[in-house]
Amino acid sequence: MRIIPAIDLKDGKCVRLFKGDFEQTTEYSSDPAAIGRRFSALDVDDLHIVDLDGARSGTQQNAAIVAEIARESGLQVQLGGGIRTREDVVRWLENGVTRCVVGSVAINEPGRVKEWIAEFGGDAVVLALDVKIDEAGTPRLTTHGWTEDSGLSLWDCLDTYSDAGAIHVLCTDVARDGAMSGPNFALYAEVLQRYHALQLQASGGVRNLDDLEMLRELGLPAAITGRALLDGEITEAEVTSFRRDA
Amino acid sequence: MTQVAIIDSGGANITSLLSAFERLGVAPELTADAHQIRGAARVLLPGVGAARDAMSRLNKANLVDVIRDLTQPVLGICLGMQLLCERSEEDDVECLGIIPGMARKLPVADSFPVPNMGWCATRPTAPHPILDGIESGDHFYFVHSYAIPESEHTIATASHAEPFSAMLAKENFVAAQFHPERSSKAGARILSNFLEWTV
């Protein structure tokens, strides 16, 4: 299982990093080259970047910093936040991003995202699907942060996207995200059982090494860790030990 | 003289390839110019997409014989590897025929989805300068639906339901089914070995 560290960009700066970085110096967080080298040294293969400015404004003011992080680190960068048009996708791919992470547009305008998959390949797109489990136990998609419920079941959504050639899916149970109550293991097990061909990325709720080990046991291809790394709950040495051992 | 020429076969997103060489201190030139390709110290044949489209682009650019006649180190990557071989089952298209072999569709099997997309353990099977420092079990990043079966020209293998050629070599031509430019440190090692390799 691959561990994918996550960072957030805001005002051209990296605002989510490992514990200690902010204590050492705040300058560090605005130096994309140093950020790139740091993750490169971690011996991971991918980096998940959330462009908070893009998510808010729909513009790509962080393109240069992302390009430099990608170039310096040599990691496969997947980036989300405010990607709405084909032009957004093209610009990020030209700036060293390997995979564009699409959330609300994937649910609201699936036709558009399927065109991108056809044009740029299944490897260039990650579907970021936030779900809530309804009373009947069916995961249903939510959009616009965690407020609106689209009503569409995750299975219906994944059926059509699988047919369209989607490969990478990042799935988050919003009830677990940030709550430090552990990932929704049952949800991931069911996704994996239904869709063998998907490269599923677990996201949300990862607390510690035990959670990662459980995800690996389930056969998750990848897991994103944000806060647990930031808080030092998961150490760099532990991340390295998980590297591509599946 | 151009240090590294990347053959512009169209369609391929070569940003990550350019960045990978930049990290090694080399600035490759993307070109479809026969003169520049012939004169380059090293040549890369990348490729993303379908074999038929790529071959028809090479034909249109009059590069087929140019590539066949190259005598400097040449590295084919992903579809570029399949183009260096004789044929591809994909659209049943004739390729460059430089390295014996035919690209075959990966078998569909439970828990081995096609395309094969992700990290695969790879094992060197024959000594070659391009494999310097690469150990059995090192992982590389693959994105492909077709593969060349193992042959006497295989220098590294990987497996996805069935074993296939991860790397091929013949004379001044080497080829990788995986993307070295997207394969972390092991991939960077392959590229730096390629820059050092003298035929």
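User: Which residues of helix α7 of chain A are called buried, and what makes them so?

Analyst: This is a predicted model in which local features need pLDDT of at least 70, side-chain atom pairs count only at pLDDT 80 or more, and totals for chains, interfaces and linings use all residues. Residues are numbered from 1 along each chain as its sequence is written, chains are lettered from A and ligands numbered from 1 in the order in which they are written, and side-chain values use heavy atoms, without hydrogens and water. In α7(A), residues 110–120, the buried residues are Val113(A), Trp116(A) and Ile117(A). Buried means under 20% relative accessible area, exposed over 50% and partly exposed in between (1.4 Å probe, protein chains only). Helices are DSSP runs of H or I with at least four residues, and strands are runs of E with at least two, numbered from the N terminus.

User: How do you know that these residues are on the same side of α7(A)?

Analyst: They cover an arc of only 100 degrees around the axis, which puts them on the same side of α7(A). The arc is that of the directions from the helix axis to the C-beta atoms. The face turned away from the buried side carries the exposed residues Glu115(A) and Ala118(A).

User: What do the buried residues of α7(A) pack against?

Analyst: They pack against α5 (86–94), β5 (97–102), α6 (104–108), β6 (125–133) and α8 (154–163) of chain A; contact means heavy atoms within 4.5 Å.

User: What makes a set of residues a nonpolar core, and which members touch the most others in the largest one?

Analyst: A nonpolar core is a set of buried Ala, Val, Leu, Ile, Met, Phe, Trp, Tyr and Cys residues joined through side-chain atoms within 4.5 Å. Of the 64 residues in the largest, those touching the most other members are Ile49(A), Val102(A), Val113(A), Leu127(A), Leu129(A), Leu154(A) and Leu215(A). Apart from it lies another core of 35 residues, among them Ile77(B) and Phe164(B).

User: Why are β6 and β10 of chain B called edges of their sheet?

Analyst: The open sheet has four strands in the order β6-β5-β7-β10 (chain B), with mixed pairing. β6 (93–94) and β10 (146–147) each have a single partner strand, so one side of each is left without a neighbour in the sheet. Two strands pair if DSSP finds at least two bridges between them; β5(B) and β7(B), which run parallel, are joined by two bridges.

User: Why is the meeting of Glu22(B) and Arg71(A) called a salt bridge?

Analyst: Their side chains meet at 3.6 Å, N to O. A salt bridge is a side-chain nitrogen of Lys or Arg within 4 Å of a carboxyl oxygen of Asp or Glu, so this pair qualifies. The count between chain A and chain B is two salt bridges.
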